[in-house]
Amino acid sequence: MDVFQDPEMESDNEDGEWGMVDRMRLWRHDALMQHLYETAAFWGDKILSWTNDPNDAFWLAQTYFMTHQYARAERLLTRPFSTVAPKAQGTTVNGHEQAIAGDTTMGSLTADSKGKGKEEDPHSSFIPRLPMGDAGMMQIPEQLQDSVSRLVDMSVACRYLAAQCQVRQGNWADATEMLGEANPFRHSGSRSGPAVPNVDGGIKVEASMCHLRGILMLKLNRGDQAKLCFMEALTLDVKCYDAFDQLVSGEMMTPGEEWEFVQGLAYREQTKEDADFVQLIYTSQLRKYKHAEEHALTRRRLVQEFGLSDNPDVLFSFADALYSQFRWADCYTITTRILGLAAIHDSTMPLHIACMYHLDHLHSKLFILAHELVEREPENPISWYAVGIWYLASGKWPQARQYFSKTSLMDPRFGPAWIAFAHTFAMEGEHDHAVTAYSTCARMFTGSHLPLLFVGMEQIMLSNHVLADEALNAAYAACDGDPLLINELGVMAFTHEDYQKATDLFRLALELAQVTQSSQMSWATTYLNLGTSYRKLKNYEMAKINYQRVLEIEPQHPQGLGFLGMVYHHLGEIDKAIVKYHEALCIDPINGHLVELLNLALESDICCGSLDKIYPGGEEAFRSMMSSLKTKFLDALDKKPKMDKAGGADAAMSVS
């Protein structure tokens, strides 16, 4: 029933009178559209008692599923029905009222989408309901065995719905048997495949079954098979966004694999008119470590050609790009706009919360947001994730871990909670526990390089250089476009005393950061590392340039001031070195290394003969003063009383 059509215009299109069953089918349909599920179930049950029609049974099962009565829906779908179907009405559609046709191969459905039409008196065409026992068809009379069948054997749509019920009940083995370990239509020739569009333009049931099979594989901890199932679902039908979301948000593929797979889908073969839009909107959701120009062009086209400037998903693509560039404030501005359009946007909330964590002045707002989320949506894992992030920002690691753990229990595939859980150990100095937590995250999200990167960073802290190299190289194999990862590879090259390689890697990291136009503040440490590598290579001029760049970004950087002082010291500019050491000690007064360097510089300054600056009268006056002190010291020794050996000790004690 079209809820936007004038009832009078709609009635003009209908000929003939309605029977009782037709009127009740209309009631059932309207009840479903108005979310009156008990009403739909009540009238649907009466319709099924009269007709014993598999189509009416299917819609009653749908109603039970919507009310979370999964066992009841499964029972109905697996009970026997007569294969002698009533006369079908209408044409093939992908709408609401669908009937089960005789074609059981691909589950074609026929229906009268209005649920209306002439029908004989239901009592005159009464079909008795077949008995159903615990053993399925054991109670069917022998003479009826050939003329009855279960709904799941008559239609793929019914089989799919029954599998959904079994998955919701946690019956993994039964659901696997219902769906099959692999797609049974994979080799069905010209009737199936990526190049075959759906007849009615809707979403293929075959693709939906592949997606459900992937969900089932995740429940069974078979991640590799789940990935293949989701890829097959999206390949069969590019409109199956659920499969795309599982692949991308679950980080099952590396950024390179994501790009190649999404760009290679059969958009034009399946949806010729909308191919460009579907490809663009999917591309905008991919990770932003590479293809920066392509992503920018994609967002521009979605805004200019398709008018989606205020669409939350398109705005999220902008925010995600800014976050990957460490531009927290700009990202927060966009996420705030998104949440103004949609109160809860699952993709945006983790970015919004992370930006509030990185911007210190927003910690109070983070506290308020966490409380509001818990009050409004206590069943949403993101609500408790926000609470954990607030404790993390407050330095309360055990409490943060508690809420991150709760988030992971509510949604085991929520990646940010796993990463944050491991961060609490790293920040607390529990590096061994942090490595274990990051490794668990790496096993769950095989397409993400971040857990491996963090494992490598923790191994560097533990001085396990072999394990650090292994983890960082594995992360680089998954993603070679992250400047933070390149920086850590440079740190390992520096540790191995390969200073030229370290210099090249630090320069590459800064070049990648420039490509993404990220915040310069985030890369002050990399400039510092590059300067130190040049200093080790005795290229003091380049080292000085990079240290000065650090001080341009952060004028009160103590390491930058200290290292610049060391460069001046090496270049023989002792006075400038002393000034920089003093400036560094003003910021970090208890740094023993700086104190020692300052003393060395002062001693060097004296030895180099710059006494004119530190003693009135210059070098001649200083030497004269030293001669007079020497004379006074010798005269004092001559006047000191002699002590015999016997009384020497007592005399010394009395003097002291």
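**Reading the chain, feature by feature**

Q: What share of the contacts with a separation of 6 or more comes from residues 24 or more positions apart?
A: A contact means heavy atoms within 4.5 Å, and residues 24 or more positions apart account for 57% of the contacts in the chain with a separation of 6 or more. This is a predicted model, in which local features need pLDDT of at least 70 and side-chain atom pairs count only at pLDDT 80 or more, while totals for chains, interfaces and linings use all residues. Residues are numbered from 1 along each chain as its sequence is written, and side-chain values use heavy atoms, with hydrogens and water left out.

Q: What is the mean pLDDT of the chain, and over which residues does pLDDT stay under 50?
A: The predictor's confidence in each residue is given as pLDDT, from 0 to 100; its mean over the chain is 82, and 79% of the residues reach 70 or more. Over residues 1–13 pLDDT stays under 50, and the model has 13 contacts beyond four places in sequence for them. Residues 132–138 also have pLDDT below 50, with 13 contacts in the model beyond near neighbours in sequence. Where pLDDT is low, the predicted coordinates should not be read in detail.

Q: Is Q164 buried or exposed?
A: Buried means under 20% relative accessible area, exposed over 50%, and partly exposed in between (1.4 Å probe, protein chains only); Q164 counts as buried because its relative accessibility is 13%. Q164 lies in helix α7, residues 156–168, where helices are DSSP runs of H or I with at least four residues, numbered from the N terminus. Leaving aside residues up to four places away in sequence, Q164 touches F65 and L212.

Q: Which residues have the most contacts inside the largest nonpolar core?
A: A nonpolar core is a set of buried Ala, Val, Leu, Ile, Met, Phe, Trp, Tyr and Cys residues joined through side-chain atoms within 4.5 Å. The largest has 43 residues, and those with the most contacts inside it are L472, Y547 and Y581. Beyond four places in sequence, L472 touches several residues, including L453, I460 and M492.

Q: How many disulfides does the structure hold?
A: A disulfide is a covalent bond between the sulfur atoms of two cysteines, assigned here to a pair of cysteine sulfur atoms within 2.5 Å, and the structure holds zero. C229 is in no disulfide, the nearest cysteine sulfur, that of C210, being 6.6 Å away.

Definitions and conventions
Helices (H or I, at least four residues) and strands (E, at least two) are DSSP runs, numbered from the N terminus.
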